[in-house]
Amino acid sequence: METRPCLIIGASGNIGEATAHKLIAEGRPVALTHSLRSAPVPSLTEIEGKGKWYAMDVRDSKSVNQVVADVQKDFKAVPDLVYCAGITKDASLSLISDETWDDYRSWNMAAPSIVEEIILV
């Protein structure tokens, strides 16, 4: 069985939460992240001995670097990565503002690249 920790970026969302439950059930130690504007999900707050929560802004390389360093220190290993963070704002294409497009680009396109680069280096 794999015992290396798994860093789940976006564990406070539906896909991240389900992934965390599955990995914990398999005995994997997990490092779970939530955004600065969200909180750990209640179903995963009782994970003592199995994992730990970290707050981070996936769009900010300093925040990502700090969390990755903390995870490596806390778990004494380089983690596997599961990326589940992202945003959606439903609207007709003609009604999406420039600000919303900027949010999409920063959360859904730039942020995964930032995380991937830091984890792989």
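Because the structure is predicted, local features need pLDDT of at least 70 and side-chain atom pairs count only at pLDDT 80 or more, while totals for chains, interfaces and linings use all residues. Residues are numbered from 1 along each chain as its sequence is written, and side-chain values use heavy atoms, with hydrogens and water left out.

Salt bridges are a friendly place to begin. A salt bridge is defined here as a side-chain nitrogen of Lys or Arg within 4 Å of a carboxyl oxygen of Asp or Glu. Across the whole structure, six salt bridges are found. One of them pairs Asp-80 with Arg-4, with the closest N and O atoms 2.4 Å apart. Asp-80 belongs to strand β4 (residues 80–83) and Arg-4 to the segment before β1 (6–9), so this contact ties together parts that are 76 residues apart in sequence. Helices (H or I, at least four residues) and strands (E, at least two) are DSSP runs, numbered from the N terminus. Asp-80 also forms a salt bridge with Arg-28, where the closest N and O atoms are 2.6 Å apart. Arg-28 sits in the loop between α1 (14–25) and β2 (30–34), so its pairing with Asp-80 in β4 ties together parts that are 52 residues apart in sequence.

For relative accessible area, buried means under 20%, exposed over 50%, and partly exposed in between (1.4 Å probe, protein chains only). Arg-4 counts as partly exposed because its relative accessibility is 39%, whereas Arg-28, at 11%, counts as buried.

Another salt bridge lies within a helix. The side chains of Asp-102 and Arg-105 meet at 2.6 Å, N to O. Both residues lie in helix α3 (residues 98–120), three residues apart, about one turn of the helix. An α-helix has 3.6 residues a turn, so residues three or four places apart point the same way. Asp-102 is partly exposed, with a relative accessibility of 45%, and Arg-105 is partly exposed at 41%.

The expected span of a helix is 1.5 Å times one less than its number of residues. With 12 residues, α1 reaches 17 Å from its first C-alpha to its last, close to the 16 Å expected. The buried residues of α1 are Gly-16, Ala-20, Leu-23 and Ile-24. These cover an arc of only 95° around the axis, which puts them on the same side of α1; the arc is that of the directions from the helix axis to the C-beta atoms. The face turned away from this buried side carries the exposed residues Asn-14, Ile-15, Lys-22 and Ala-25. Ala-25 has a relative accessibility of 70%, and its C-alpha is 29 Å from that of Thr-88, 63 residues away in sequence.

The largest pocket has a volume of about 270 Å³. On a 1 Å grid over the protein atoms alone, a pocket is an open set of points where a 1.4 Å probe fits, with protein on both sides within 12 Å along at least five of seven lines, and lining residues have an atom within 4 Å of a point. Grid points are joined across faces, edges and corners, and the volume is the space filled by probe spheres set on the points. Of the 19 lining residues, Gly-10, Ser-12, Cys-84, Ala-85 and Gly-86 are the closest to the centre of the pocket. Both α1 and β2 supply at least two residues of the lining, and α1 gives the most, with three. By class, the lining has eight nonpolar, 10 polar and one charged residues (Ala, Val, Leu, Ile, Met, Phe, Trp, Tyr, Cys and Pro count as nonpolar, Asp, Glu, Lys and Arg as charged, and the others, Gly among them, as polar).

Finally, Lys-76 has a phi near 55°, a positive value in a residue other than glycine. Lys-76 lies in the loop between α2 (61–75) and β4 and is exposed at 72% relative accessibility.
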